[in-house]
Structures are given as structure tokens and as C-alpha cells.
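This briefing covers a predicted model.

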Amino acid sequence: MKIAVMGYGTIGSGVVEVLEVNKDLIAERAGEPVEVKYILDLRDFPGDPYEKCIVHDYQTIVNDPEIGIVVEAMGGVEPAYTFVKAMLLAGKQVTTSNKNLVAEKGAELIAIARERNLNFMFGASVGGGIPIIRPLNTCLTADEIEEITGILNGTTNYMLTRMANEGVSFEDVLKDAQAKGYAEADPTADVEGIDPCRKIAILTSLVCGKQVNYEDIYTEGITKITSEDFAYANKMKRSIKLLASSKQAGDKYACMVAPFMLAKSHPLCNVNDVFNSVFVRGNMLGDAMFYGSGAGKLPTASAVVADIVDMVKHNNINVFIDWSPEKMELVDYKENVNSFFVRTTSEKAEVEAAFGAVEYVEGVVEGEIGFVTNAMTEADFAEKVEKVQCISRIRLA
Ligand code: HSE
């Protein structure tokens, strides 16, 4: 099998490395050797062992009938979409690690692959090296999936863990995450929660079989989380995690991405550093958990190469993925029910006038108090919180 890799950055070079280091066992598992013939990139790589494979025009790959599989590791929607579509139309199978592409164009690319008896796979697009896409598509198929809740962003989990344990500043820990290759080139998507939002949209699309638009999902990032919030979390014996969740609600789904304060008993409470974890609840299965390396060069490349092996084994056989372009309606997030931790400078009488009985957390920061509300809808909370001086609030899980 001769393949091409589009994008020779962190993930693309990781794919080449995995194929090189584990060459023999990959050949054995795939049933034939897998050889990199082209690497598409705008840059040249003088002195690189794969220097001679570098090409600058994607048409070189499109027009070479020897290429059976193409890896897309460029990131972003364009030109990745144009290139991937051209590869599928030319009869080549494609695997991508690019969640932006999958979240926006997944349904269409899956349909093109199916019409041509090819495969468009995206196992590395959610959860880095953790197998979650393939289990949802081929293992957990006997169940109605009632809930998926995950820590789906390695960068922010790494940042929150270090902020919690070492009191490192947001800026310093972000620079470190970028240096380690976890964060996107533009970290906005990580810290504002857009990256896990795209990932939960992909997972929800896979379980409901319809298109979930990530723009429809209410999303908050971690930029407003402070060391004072961690001081309260420590006192409450909770951790702060950025959760992406999707819950079945009748024939709709309630999705949300936001930081939550997790009780020690929560299954995701102790998922730390760059690790990701996904909790899945099925109506027959009950609960299942997936855990592992959620970002970074080799874990992500490992998932891409696993797709390559699967595609070699399914040459000319489409592995059906149930994800149509029909849009899935989401529940208005204002109807989501949560309890909230609130920091306030208001007196207890004002707090209780607004919220009724609450549980106080005191003696953490001078001049303010914290309190935990009962469970209520987002709409209800928004109305009540107007009646107190709110410094910040975090949902509880
Ligand atoms: N920036 C992403 C993360 C990369 O930190 O999870 C993996 O998708």
C-alpha cells in the first residue's frame, strides 16, 4: 500500500514516525507493507530522511493511481476540504485528524466515500490516541446512547491541572502547553472551548446519525477561571474540569461545553494532565469509560495509523458510518438543569432572598462568600443571579 501524507507538521511527521518505528508489525497487522510515497507541504525539508517525498501540488497525489490512502493532517477547513474531496473523487481512501474538517464537512465526505465504496475515517479527530470513534461506530451499536460526557481537550486539562496543583499562571502554562505540542497554533480554540465543542458535536452526530452543528452548542472556555476559584475548589474537595457533554432528551440532545466543579466521586474528577476521558452511558450497556492520551504528536498519529491499517484491511469495502447531513435539533441550553457555585460580595440575606436555602463556603477569600445553589434551569439561574453581586459562577457536576 502506497500512501500520501498531507501536512508535515506535528501530526503528519508523527504519522511518518509511527509508520517507520512500527513498520514490521503494521505490515503484519495490515496484511501488507505501508509505504509513504508523498508528503504534501508548502515547505521544503532539506536533510529530512523523507526529503525526496515532499511535493507542493496536491494534484501530484490525485493523479497518481499508485496512491491508495491519503492522510490529511493539515488542519483547518480549507484547503483541507478541497484536497480531501479531490482525493475521494479520485478513488483514494482518506483518514484525517482534523476535527474542524470533520465537524463541518464530515457528513458530506462520509457520503462521497460510501457512494464510491471507499472509506473516510477520522479516528484521531476526537480523543487523540483514545479509541472512541471506532467503538461508537462499530462496538456500541446495540445501545441507545443516553449520555456522552468527556474531557476532550488535552491542552486545557493540562493547564487546569497545573493551575490546580502548582498555582501556575494561565499565560505561563499556556506557553508550556504550546511548547509541548498540545495546543493548537492559535490557542483560542482550546481555551475558549471551541475545540471540545467540535469534538462533542462529532460524537453526538455519530450516536444520533444526524448532523449536529457545533455552532448550536452553548460553549464556555476556561479563560475566566482564576486561582481564587481553585482555592474554593480545594476547600470543597472538588476539581475544576472543562466538560463537553451531550445528553439524550426525548428525540433531541442537550449539549454543553463549560468548566464544571467535579465532586471526588465523579468518574472524570481525577483525569489529569494532557489525558482525555470519555464517559458513555448506554440504555443496555450502562456505563463505560475511555481514558488515554488525548493530544500530542505520537498518540494522535497512532490513531491515524490505526485508521490506515483498517483501510488497508477494508480496501474496496465501505465501513458504514451512520451520519447523515440531516440536522439534529438541540435542546435550548437555557432548559439545561445544573446547580451552581457562586462567589458574591452580597450579604447572606440577599443571597437567600434570591436563591432560598443554599450551602455556604466561607473563609476562602476575604470580603466575599461562596455558595452552592440547588439544581435549577439555566434560565432560572440567570434570573436569580441578577439579584446578587456575582463575582463568578461555575456549574457543579
Ligand atoms: N489541541 C487539542 C487538545 C489537540 O489539546 O486536545 C488534540 O485534538
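The largest nonpolar core of this predicted model has 88 residues. Helix α5, residues 99–115, contributes the most to this core, with eight residues.

**Nonpolar cores**
- Within the largest core, the residues with the most contacts are I61, F120, F122, L203, I217, M261 and W323.

**Helices α2 and α12**
- Helix α2 (residues 23–30) packs with helix α12 (residues 297–313) at an angle of about 35°, and their axes are 9 Å apart.
- From α2, the residues I26, R29 and A30 meet V305, V309, V312 and K313 of α12.
- Sorted by class, the contact of α2 with α12 has five nonpolar and two charged residues, and no polar ones.

**Residue E368**
- E368 sits in the loop between β15 (359–361) and β16 (369–372).
- The relative accessible area of E368 is 13%, so this residue counts as buried, the cut-off being under 20%.
- Its side chain makes a polar contact of 2.8 Å with the side chain of Y232.
- Beyond its neighbours within four places in sequence, E368 is in contact with Y232, R343, T344, T345 and I391.

Conventions. Residues numbered from 1 in each chain as written. Predicted model: local features only at pLDDT ≥ 70, side-chain atom pairs only at ≥ 80, totals over all residues. Heavy atoms only, no water. Core = buried A, V, L, I, M, F, W, Y, C linked by side-chain atoms within 4.5 Å. Buried < 20%, exposed > 50% of the residue type's maximum accessible area, 1.4 Å probe, protein only. Helix = DSSP H or I, 4+ residues; strand = E, 2+ residues; numbered from the N terminus. Polar contact = N/O pair within 3.5 Å; in protein donor to acceptor, adjacent residues only side chain to side chain. Contact = heavy atoms within 4.5 Å. Axes fitted to C-alpha atoms, helices over the stretch in contact; angles between N-to-C directions. Nonpolar A, V, L, I, M, F, W, Y, C, P; charged D, E, K, R; others polar.
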